[in-house]
Amino acid sequence: MKRIIAALAASLAWSADVPKTWDPKAVAELEVPLADPRYSPVHISEQLYYSMPERVIYKSYPVYHPDREPTGYREWLQAQEPQVAFAAADLKTKADWIRAGETVFQAAASFGPVFFGPDDVRNREFYEKTGTPVGSDGIMPFARWVVRKKGVVELGSMGCATCHTRVMADGAVIAGAQGNNPGDRQGAWMLRRAAAAMGEAKVVEQARRFARQFEMPWLDPDPNRRARTMTLAELLAAGEAIPPGVNARAHTSMFVPPQVPDLIGVGERRYLDHTGLVRQRTIGDLMRYTALVQDLMGLARYGGPAPDTLPKNASRFSDAQLYALAQYLYSLEPPPNPNRFDERAARGKKVFERERCARCHPAPLYTNNKLAPVEGFVPGGQARRFDVMAKGVGTDPRYALQSKKGTGFYKVPSIKGVWYRGPFEHNGRAATLEDWFDPARLREGYVPTGFKDAGGPGPVRGHEYGLRLEREARADLIAFLRTL
């Protein structure tokens, strides 16, 4: 009881201190330069940022699998009055801000079809063909129905929850975890249906234009330009090769797409993105990162002047909304771990210590929060500006050199929570921990169990630590890792 009273007193005494998101000095120091710093992103000005209208967040409602939707649900939604769901003036305690942050986490950034449309989520075949998971309550948690005008029910998606929600095998839903919404497979589903309805030539041209967001004109050759000549079959194969937990999102690459990051414990990380592109020194930096991801990524210029105009329908989250979201993300806790610290895990801990895994993954965070240079990149002066290790671990350098997030580094990830995550490696090429620690992955002709590169079978190189262990020692190590 005393503990509850103390926590309540602390919450009541807490006062929100909302920083300015687009503070020019903080923005100028936010990002690690790209591998070729001449082409590092240049962002919009403070004045232009704050000229964008703030996003109004309306109350939203669950999307059910068609076999689980309550009788009369659609008619009930159409009868609902629009309700504004976020009002900063009503937030008094830290708990209030965290609850409001969950609303922002669920809020839609798009009301048009991206991974799926309103007809798709009410179509049984969509779930069967794409493998879209559904929670034990029958809810598909990657989108929400939104009522902004009475009688008009819209499908809202592309908020944080679309990519950062995980449905476990037992139907449990984990907010903030490495998501397993199969977005690229859903995109392939939409592309196939569009081609049948509109004609292959028109749809292929649209898909090729969409893929140009991944191009890096300053690279010669730029492997991302390959999409300009891809056929419909090749585009479909590329999307379907990307498994849940991996996503070719904005400014990445459809050929080496990144693993979706786990946001649980994000407050403990000093660098964000696999390449450590964004520094996190304060809660304001997490707010700025969210603004970049949700509203500004498409506005950045690379090697050119700062943008001076905005798209017609540009909008943004308010500073208060971003602050609430950051408080919510910082509050997230991992789900209860079913893996006991038994005799096998105890032996695995000794293996972890003996193999000196803690050099990069020290307790209690299980990351040293440093950057590791990739092969082919010499940090130069950046090694003095940032927390850079002397050498990397030999993993595939392409994403760190051939994407618009390519700093020439990979951050050292935390290995906390690996029991509920997957696939693994920055491109998600290992489906399980057993696959990651399988020496066979270094062999020519190896077929990755996670993301399968369009180039065909081939080794998953790098991070050879643990691969020379005897079979039992590897199993012990994995058992320990699953307790973290």
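**Helix packing and buried helix faces**

In this predicted model, helix α5 (residues 94-106) and helix α12 (residues 319-331) cross at roughly 100 degrees, and their axes come within 7 Å. On the α5 side, the contact is made by Lys 94, Trp 97, Ile 98, Ala 100, Gly 101, Glu 102, Val 104 and Phe 105. These residues meet Ala 320, Gln 321, Tyr 323, Ala 324, Leu 325, Gln 327, Tyr 328, Leu 329 and Ser 331 of α12. By residue type, the contact of α5 with α12 divides into 11 nonpolar, four polar and two charged residues.

Helix α13 (residues 343-354) packs on helix α17 (residues 471-481) at an angle of about 100 degrees, with the axes 7 Å apart. The two helices, α13 and α17, are therefore roughly perpendicular to each other. From α13, the residues involved are Arg 344, Ala 345, Arg 347, Gly 348, Lys 349, Val 351 and Phe 352. Their partners in α17 are Glu 472, Ala 473, Ala 475, Asp 476, Leu 477, Ala 479, Phe 480 and Leu 481. The residues of this contact of α13 with α17 comprise nine nonpolar, one polar and five charged.

Taken on its own, α13 has 12 residues, which at 1.5 Å a residue should span 16 Å; the end C-alpha atoms are 17 Å apart, in agreement with this. Its buried residues are Ala 345, Gly 348, Val 351 and Phe 352. Viewed down the axis of α13, they fall within an arc of 105 degrees, so the buried residues line one face of the helix. An α-helix has 3.6 residues a turn, so residues three or four places apart point the same way. The buried residues of α13 pack against α17, whereas the face turned away from the buried side carries the exposed residues Glu 343, Lys 350 and Arg 354.

Helix α9 (residues 200-211) can be described in a similar way. At 1.5 Å a residue, its 12 residues should span 16 Å, and the end C-alpha atoms of α9 are 16 Å apart, which agrees. Val 203, Val 204, Ala 207 and Ala 211 are the buried residues of α9. Down the axis of α9, these buried residues fall within an arc of 100 degrees and so line one face of the helix. They pack against α8 (183-198) and α10 (232-240), while Ala 201 and Lys 202 are exposed on the other side of α9.

Technical notes. Residues numbered from 1 in each chain as written. Predicted model: local features only at pLDDT ≥ 70, side-chain atom pairs only at ≥ 80, totals over all residues. Heavy atoms only, no water. Axes fitted to C-alpha atoms, helices over the stretch in contact; angles between N-to-C directions. Helix = DSSP H or I, 4+ residues; strand = E, 2+ residues; numbered from the N terminus. Parallel < 35°, antiparallel > 145°, perpendicular 65-115°, else oblique. Contact = heavy atoms within 4.5 Å. Nonpolar A, V, L, I, M, F, W, Y, C, P; charged D, E, K, R; others polar. Expected span 1.5 Å × (residues − 1). Buried < 20%, exposed > 50% of the residue type's maximum accessible area, 1.4 Å probe, protein only. Arc of directions from axis to C-beta.
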